[in-house]
Amino acid sequence: MTAPYEMDTLATDAELGNRSASVRWLFTATSFLSAFLLFLIQPMFAKMVLPLLGGAPSVWAVALLFFQGALLVGYSYAHLLVRYVPTASTGIVHLAVSALAFAALPIAIPQGWSEPPPGDPYLWQLGLFAVAIGLPFVAVSANAPLLQAWFSKTGQRDSADPYFLYAASNLGSLLALLGYPFLFEPAFGLKALATIWTAGFVALVTALASCFWVVRKTAATAVSQLETRTAASSRPEPDWRARIGWVGLAFVPSALLTAFTTHVATDVASAPLIWVIPLTLYLATFVVVFRERALIPRPVLLTLHAVATLLALLQLAQTEKETWFYAAGFGVAAFVTATLVAHRTLYEARPDTRHLTEFYLWMSFGGVLGGIFAALIAPQVFSEVFEYPLLLALSFACRPGALDLRTQSTKSLAALVALLFAGAAVLYWGPTVAYEYQIGFGGWGATAGIAAGFALLALAAWRYPPHMLAAAACLYLTVVLLPSGVHRGNAERSYFGVYRVIQSSDGQFNVLQHGTTLHGAQRIRDKHGNTVASTTPATYYHAHGPMASAVRLTGMISAITRKEAKFGVIGLGAGSLACHSASGEKWRFFEIDPVVVGIAKSKKFTFLANCQPNADIVLGDARQTFAKEPDESYDLLIVDAFSSDAVPVHLMTAEAIRLYASKIKPEGAFVLHISNRYLDLEQVLAATIPQIGGLHALTIEDSNDDGYAVTGSTVVVVAKNWQVIDQFRTFPGARNLPEPHVRPWTDDASDVLGPFMSQYHKHRW
């Protein structure tokens, strides 16, 4: 029989255990909800901004930079709060700051921020984000370090190491990011989500108040316990070397996140789904390795990182197999493993709880520096996306011991210096030797062969991290200094992407590429190699293509009715369509990027110079500039705006189509160029056009293909009456729109997964 005092002790222990579990659950749930709201607001507001900024990949890069900067502000605020304000008052201050954030809710575009300035709107976008969501974002971002600091003072069994709450935060982040494109936006739309977010913020403030009540109740009795555990901690006091290490280990994955996002968004689709995937993977790495026992053992992780990153760099070094499958597969593997290595090394360098908020502050500072480098500095310094392979190479600096030269022997240091000099010699003389002795490296080219040599050298130096880093640096220089997948000759870069003007392999055409997608070509030599001054539009714009035929039909009708025809073109490209104009017609081009205008007016392309030397070009996003045009003033509008292979989503929504319809004459039409490798835009328009009402449409598919001279295309023609549409039915390849099986696109919600899967099944079968 149990003695009475033993029963009291058992009851007390059970009660304490239940109380401890309740406190842990409260802090875990609050951390989860805070991160969920923090990472739901990111894609939600970025999607609201898309119609203002043209859907360029830089929209996502600059959005990431803002979020990293606001995170730094939130972490700084939390650090100062914990360090200088008594624990019993920290919650009062934070709840007051959270109450101020209600002034910015519900989330929406603020008045006076409806139109960005022409050119590169980097600072304008940062200002818009700061004004619209800065206060609530900072208030919520401060919760992660603040809740961990509070939990460390509750006297719970695991309060000495509250970093487990960071894993709970990242699970909330993952749910928000994965749920946004697949569930939340399709189910609710942006306006409803803004209201739901406000309700969630109310629940969060209530949960924070509960956490603070627990802290005030237990902090006094927990101080001595915390001091005892801290005194027994085996972790050394952080010095400036440790702090610089925290910054560097956060810098590389943060910058790589932005660089990889830009790389992917340029050539797939300018939509939240694509932007969400890299960020989701980035956050998932915290869940995997930011814990006492990483889910992947260190030897396995280091092996995967080396293999994946070297393969990704080798993929960039060659141009023989440039399929989306290889580029995306190797790129994702390298990005994930590099981020895992950096975050695991960062976790192993963490301090004790006395320096918890400082640790997160320096970590956030490194993240901001990475964002600034990849989003603002790199586009100004590099003409192509050289920061992506650079950061892949720098990820080798995140491996344990990679920068610790003090432990290297004299012989090892001499070998390191010799490796660097040998690498420089190979880069300088290697291509010449390969050319003189006709060394083709099995058809892969000199760049790929030299890169493979450096990759093998990196693997051979497996036991010497500094030497692996040096070999990876040589591999990076090979990719960016020699002709490769990321170095294809002269290029120009802007907020809206990377443009290259190259000559075709046969030397007959100057070709304009945006990313890897063709955006125009002009013949400069005939088939015999003689120089010609041709102004015949090529590629999609050839004389018998649907866009040229639409221009010709509209011109003929205007000539018969003796009315002056007015044409609008959204997307200038190389200026090819200008040479389909006739005397007496009015043409106006709408182009978002000044760099494109400069290319179209350069000596590399002479369509504008020869056919419309005084072309009327309006700079700015078409949704903003075209809205200012008089209603019912255009006979034909051609929407041919691409961001690499991605049609900006905001130019294909119901609101955009309604705008186009309002600007064409009753007998006019507009043509939407929908050629796309990854999205079934015909399905999107089949679902979206009926939402407007009073419009009729058909598809015209041109399957002709003769290199750069003639390239096939698919367009959808939309008009206000059947008589106009019937005139286009005579075109080869004309057909009715299919029955839609995807959701319509609106500014409030645009499902990208459905069109992606539709295109996948179409090509598969």
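By class, the lining of the second largest pocket comprises 15 nonpolar, five polar and ten charged residues. Ala, Val, Leu, Ile, Met, Phe, Trp, Tyr, Cys and Pro count as nonpolar, Asp, Glu, Lys and Arg as charged, and the others, Gly among them, as polar. The model is predicted: local features need pLDDT of at least 70, side-chain atom pairs count only at pLDDT 80 or more, and totals for chains, interfaces and linings use all residues. Residues are numbered from 1 along each chain as its sequence is written, and side-chain values use heavy atoms, with hydrogens and water left out.

**Exercise 1.** State the volume of the second largest pocket and which helix gives the most to its lining.

*Solution.* A pocket is an open set of points on a 1 Å grid over the protein atoms alone, with protein on both sides within 12 Å along at least five of seven lines; lining residues have an atom within 4 Å of a point.
- Step 1. The volume, the space filled by probe spheres set on the points, is about 870 Å³.
- Step 2. There are 30 lining residues, and Arg-241, Gly-245, Leu-249, Thr-345 and Ala-349 lie nearest the centre.
- Step 3. Helices H7 (240-267) and H10 (324-348) each supply at least two lining residues; H7 gives the most, with eight. Helices (H or I, at least four residues) and strands (E, at least two) are DSSP runs, numbered from the N terminus.

**Exercise 2.** Describe the largest cavity by volume and by lining class.

*Solution.* In a cavity, a 1.4 Å probe fits but cannot get out.
- Step 1. The count is seven cavities of 30 Å³ or more, and the largest has a volume of about 460 Å³.
- Step 2. Its lining has 34 residues, with Phe-39, Leu-71, Tyr-75, Tyr-166 and Leu-283 closest to the centre.
- Step 3. By class, the lining of the largest cavity has 21 nonpolar, 13 polar and no charged residues.
- Step 4. Helix H1 (residues 4-53) contributes the largest share of this lining, six residues.

**Exercise 3.** How do H14 and H15 run relative to each other?

*Solution.* 
- Step 1. Helix H14 (residues 446-460) packs with helix H15 (residues 465-481) at about 170°, the axes being 8 Å apart.
- Step 2. Angles over 145 degrees count as roughly antiparallel; H14 and H15 are therefore roughly antiparallel to each other.
- Step 3. By class, their contact (heavy atoms within 4.5 Å) has ten nonpolar, two polar and no charged residues.

Notes. Axes are lines fitted to C-alpha atoms, for helices over the stretch in contact, and angles run from 0 to 180 degrees between N-to-C directions. Angles under 35 degrees count as roughly parallel, over 145 as roughly antiparallel, 65 to 115 as roughly perpendicular and the rest as oblique.
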